[in-house]
Amino acid sequence: MRKAIVAGASAIFLAAIASFAAGGAKMKITSSAFQEGGNIPSKFSCDGADTSPPLQIADVPSGAKSLVLIVDDPDAPSGLFTHWVVWNISPHTNNIGEGSAPKGVQGTSDFGKSGYGGPCPPSGTHRYYFKIFALDRELDLPSGARRGQLDAAIKGHIIAQGELMGRYSRKK
């Protein structure tokens, strides 16, 4: 009987976490360099210094064990292009300085390198999404892992997320 009660309580707890995440538990990710939907300054692109913009993170759930940062471009000619992936970031991180990476594990971007690679669209205006995820665990992924491995590892472990979208087009 006691095992049934504990199992039932665990199931309710897990269902609550699942519905919390599915219900869109929201975190905030912002930048002092550009507004949501605004233009990303060229200094953060391949046309400038190609350094990462400053980022602020808020509303991390108290149960988060780690954070994941993903920057990608869904408008790339070949499909989704990943510019930056970092995981196992401390859930107490609330600020990532301009030109710096959060303490965590860096993956390999679609540029074939670790670290930030800024906007560099071949033509037109592209959207760049800075996504933050709070996870219920740390990830056991090696440094240099690629986006597909990261996506598989975070599946089922996201308890909250947020995103910031900026636009960039190259000056001819």
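Reply: Of the 25 residues in the largest nonpolar core, Leu69 and Phe130 touch the most other members. A nonpolar core is here a set of buried Ala, Val, Leu, Ile, Met, Phe, Trp, Tyr and Cys residues joined through side-chain atoms within 4.5 Å; buried means under 20% relative accessible area, exposed over 50%, and partly exposed in between, with a 1.4 Å probe and protein chains only. At least two residues of this core come from each of strands S2 (55-58), S3 (66-73), S4 (81-89), S7 (125-135) and S8 (158-169). Strands (E, at least two residues) and helices (H or I, at least four) are DSSP runs, numbered from the N terminus.

The model is predicted: local features need pLDDT of at least 70, side-chain atom pairs count only at pLDDT 80 or more, and totals for chains, interfaces and linings use all residues. Residues are numbered from 1 along each chain as its sequence is written, and side-chain values use heavy atoms, with hydrogens and water left out.

Leaving aside neighbours within four places in sequence, Phe130 is in contact (heavy atoms within 4.5 Å) with Ile29, Phe34, Ile40, Pro53, Leu55, Ile70, Val71, Tyr116, Gly162, Glu163 and Leu164. A second, separate core has twelve residues, including Val68, Val85, Leu141 and Leu150. In soluble globular proteins, nonpolar side chains tend to be buried together.

Arg147 forms a salt bridge with Asp151, at 3.0 Å from N to O, where the term requires a side-chain nitrogen of Lys or Arg within 4 Å of a carboxyl oxygen of Asp or Glu. Both residues lie in helix H2, four residues apart, about one turn of the helix. Asp151 is partly exposed, because its relative accessible area is 33%.
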